[in-house]
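Welcome, and thanks for taking a look at this one. Please have the sequence and the 3D view at hand as you read.

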Amino acid sequence: MDIGTVMNTMRDPAGIPAPVELFRILMIATWVFHIAFVVLALGAASLAIYAFWRREQSPYWTGISIAMTKVAKVSVSLLIVLGVAPLLFTQVIYDPQWYASNVLSARWAIAFIFTLIVAYCLWFAFYYGNKEVAKRHIGFYAVIALLLFLLDGLIMHVLSYQAILPGQWMGWYAPNGELDMSGAHLHAMQWPRYLFIISLSAPAVGFYLIAYDDYLKRRRDQNPDYLAFARRLGQRIAQYGLIVSLALFVWWQFDNPASTGLVWLPGGWAVAAALAVLLFEVTYFRDRLHGYLFLAGGMVMLLLLAIWREVIRVAYLAPFGYSVVDEKVNADWPSLALFFLTVAGIGGLVGGFYLTLLYRAGRVEGVYQADRTMSAMGTGAIVILGIWTGVFFLYGIAIWASNALTY
Amino acid sequence: MLGMYPTFYVPYIGSAWVMGIIGVIHVVASHTSVGASFLFAALETKAYRDDEPQIMVFIKRYGVFLLVFSYIIGSITGPGIWYAITVASPRGVSGLIHNFVWVWAAEWVFFTVEVIGVYALVYLIGKVDKLTHLKLTWSFALASWATMLLIVGILSFMMWPGSENWYQTGSTNDAFYNINFFAHLGVRTGSMFVMAAVVGFLVAAGIKDPDLKRSVVRIIAPIGLLGGFFSVMMFFYYLRTLPDNATVLLNSYLVPQYGKAMIFVFLATTAYLLFVWWKPQWLKLGIAVPMFLVISVLGVWPEERMRETMRKPYVAGQYIYSNQVLARDVPGKGIEGEVDKIAEKGLLQLHPFIPEQLRTITPENKLQVGEVLAKVACANCHALEPGAPLRNIPDKFHGATDEDLIAAFIGGPLKHGAIPYMPRIDLPQPEVDAIAAYIASVNQNRPKAAGDEEAGTPTALLEKKDN
């Protein structure tokens, strides 16, 4: 059977509840935040381990190791939760590709869950042991955890890559005509793509260290020499990391089949240009630019990358006659309103309250005393949650009751 | 052609059990997390009002424990269930996502806020003023519960919409606020307090200060008891909101199988909470750990298995069968049922992932085709290996080796959808014969055991109560 026709038939017959471009934008935008914490987690974890083994040379390495262990710990939590949204939106518009790819490597999709649990538990074990005085063997927990994180990244890469190779699905599912329903194999990898994204962990942690210095230097209980050490270290890591990333990106560009026409499309080279600009800035303006600007620049580069990934997906699938713009739309405005109002009210006010509180509390010595703004945000967070819950029930009871009458 | 996917087959336990195992871990972790958030709010309110800062020591301990227990295991197994159902029932999860994407996205907003919130709650104890922290804790509790409010609507739709409205309108409102929703929400809301209390006792067992231990336990225990009582009451209401197919399964198989265990868990949990309330100092890890394991394994596993099983033969909204076939039309979404198309043309012609040489049945490939068809049409609920724990088909036919007898069942009750908890599987006769030949051959080649000589009858599936 023609796989293009098959894919179009595999689309969910329910259609999608809003215009496809909206899902596309959300898929791209939410992936940026997810991947930012992926590369930060990997970079922080790698540096935490490296610094752990160098801690006898300088107390600064001890400080770096402990700090980066915490950064990796929180980043993994955030990458998981932030990964849910792009996964969700991908399944709305690229459902045939994502599901087929997952089923074809089903055991790995399941293994991803358990290896991630093991890796994260090991990282917590490392975190609890990584104090001023620490036993050396806990470093091995961290190494195993990092290797498992990298494996999980590889699994996700494979699932994404297999999804855009529908021409090979049947060959993987039934090699030589013999069905293989075990889902036991990872069928396709594009090493430059995987290595490139992993390599971004170096500039990510480098930029983080520069911002770390800028964030903490107003606190009098922080050692300025230690912060300067962290900044210099961050600059070096970002500089060398960006060179490696740039090289890997060029390799990835030329690894795409010529038939896709991707090699010379400007979108890809925009990512390369963003990397080059970041490299220029961290080389020549490292002490003049605020750390937050580097982080913002990194996010812009990730946004370009996210758009480029979508261009790649479109280019790989177009020859099969598959395009998301052909999706059937069954608009559902009430649930759309639920989402956007929740983003604004809960994400904005409650999330804003938490983040602002964390940010401000971390910048003062001793106990942070909320000012009027923070106090109002705290009260507002509870009020908005109360309103949200009240509307949820009142609205729901009305619909439930009208449906119950027809039961 | 049908929009079917390749099949993932897990011998013996089936992909359903893989999903079940991940699901149970997630339910324990996530319910604990939501329940604990309210315990924190209650405890911190007392600490603030009565100026008992030592209570915050307990909250910090429990919070750190929760970070590992719920926010590692819980937050990974949440998407984990998604991955599991993706590979087990791709069309099932797709159907849910295409109906509920905005609800899930709204839940994600709460989930993100919740994860940031738990770090803020734990690490800002003693680092921000008390009133601000109290606001943080209450908002965290409400946000945590909202994740439950949103997911329960989707889970209860999986059971059924409860009225014809959704099929006609296709509206997410009608799907979400289904007949089953509030009852289901009540069960989970009550049980989250029980889980939070039981896990809270794990943490409280390690407290050295006897006054703090008593103070904390005497707040947690009654909340757990009230939650448990509420959950049981809502469970009885929940039973009244189930569809007929679920009631048949419940009465025929599930209550006989799980009923005693559930009553035992209920009594044991009540006794445990009462005892600890009465004698807080007797709470030790040697008691708290085994009780946690008993309640989470013997309590949650049957409950989740029952809920999963009662949905049969559907996987979502009574319009997608477990075997991924669309069971009926849903005019509100422009969805057309597929059962009659399969009856007319057969799975071999319509399924896109059948190798070309198997699309036509020959004497040489008949057994192979039969195996493929059995895996595609049956393996979501049944193992194909004799003796396997997941309702294995060879045993369901009592070891029958008579192809005609097996074919008579497939071409009779199954073809006409006469068994309420099984999908209507109406296949062309050559495909029926191929499946029958395959099952008969499996039984022919099975290791002989006492009693196997007696072949089963076509009604064995209806009679044998070992689901």
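## Where the two chains meet

In this predicted model, 81 residues of chain B are in contact with 87 residues of chain A. On the chain B side, the elements that give two or more residues are helix 1 (14–49), helix 2, helix 3 (90–123), helix 4 (130–159), helix 6 (172–176), helix 7 (181–204) and helix 13 (366–378) of chain B. Helix 3 of chain B gives the most, with 23 residues.

What is the make-up of this side by class? The side of chain B that touches chain A has 50 nonpolar, 24 polar and 7 charged residues.

## Two helices worth a look

Let us start with helix 2 of chain B, which covers residues 54–88. Its 35 residues should span 51 Å at 1.5 Å a residue, and the end C-alpha atoms are 48 Å apart, which agrees. If you follow helix 2 of chain B along its course, you will find a kink of about 35° centred on Leu66(B). Of the 35 residues in helix 2 of chain B, 25 are buried, so this helix is largely enclosed by the rest of the structure.

Helix 7 of chain B has 24 residues and runs 34 Å from its first C-alpha to its last, close to the 34 Å expected at 1.5 Å a residue. Helix 7 of chain B is mostly covered, with 22 of its 24 residues buried.

## Chain B as a whole

Stepping back, chain B has 17 helices and 2 strands. Along the principal axes, its C-alpha atoms fill a box of roughly 80 × 50 × 35 Å. A compact globule of 467 residues would have a radius of gyration near 23 Å, and chain B has 25 Å, which agrees.

Buried residues make up 61% of the 467 residues in chain B. Among contacts in chain B between residues at least 6 apart in sequence, 78% join residues at least 24 apart.

## How confident is the prediction?

The model scores ipTM 0.95 and pTM 0.93. For chain B the mean pLDDT is 91, and 96% of its residues reach 70 or more.

Where in chain B is confidence lowest, and where is it highest? The lowest is in helix 17 (residues 460–463) of chain B, at a mean of 44, and the highest is in helix 12 (residues 347–350) of chain B, at 97. Over residues 453–467 of chain B the pLDDT is below 50, and this stretch has 28 contacts in the model beyond near neighbours in sequence.

Conventions:
Residues are numbered from 1 along each chain as its sequence is written. Chains are lettered from A and ligands numbered from 1 in the order in which they are written. This is a predicted model: local features need pLDDT of at least 70, side-chain atom pairs count only at pLDDT 80 or more; totals for chains, interfaces and linings use all residues. Helices (H or I, at least four residues) and strands (E, at least two) are DSSP runs, numbered from the N terminus. The expected span of a helix is 1.5 Å times one less than its number of residues. The bend at a residue is the angle between axes fitted to the seven residues ending there and the seven starting there. A residue is buried if 20 or more other C-beta atoms lie within 10 Å of its own, exposed if 12 or fewer, and partly exposed in between; C-beta atoms are placed from the backbone. Two residues are in contact if their C-beta atoms, placed from the backbone, lie within 7 Å. Ala, Val, Leu, Ile, Met, Phe, Trp, Tyr, Cys and Pro count as nonpolar, Asp, Glu, Lys and Arg as charged, and the others, Gly among them, as polar. The radius of gyration is taken over C-alpha atoms; the globule rule is 2.2 Å times the number of residues to the power 0.38. pLDDT is the predictor's confidence in each residue, from 0 to 100.
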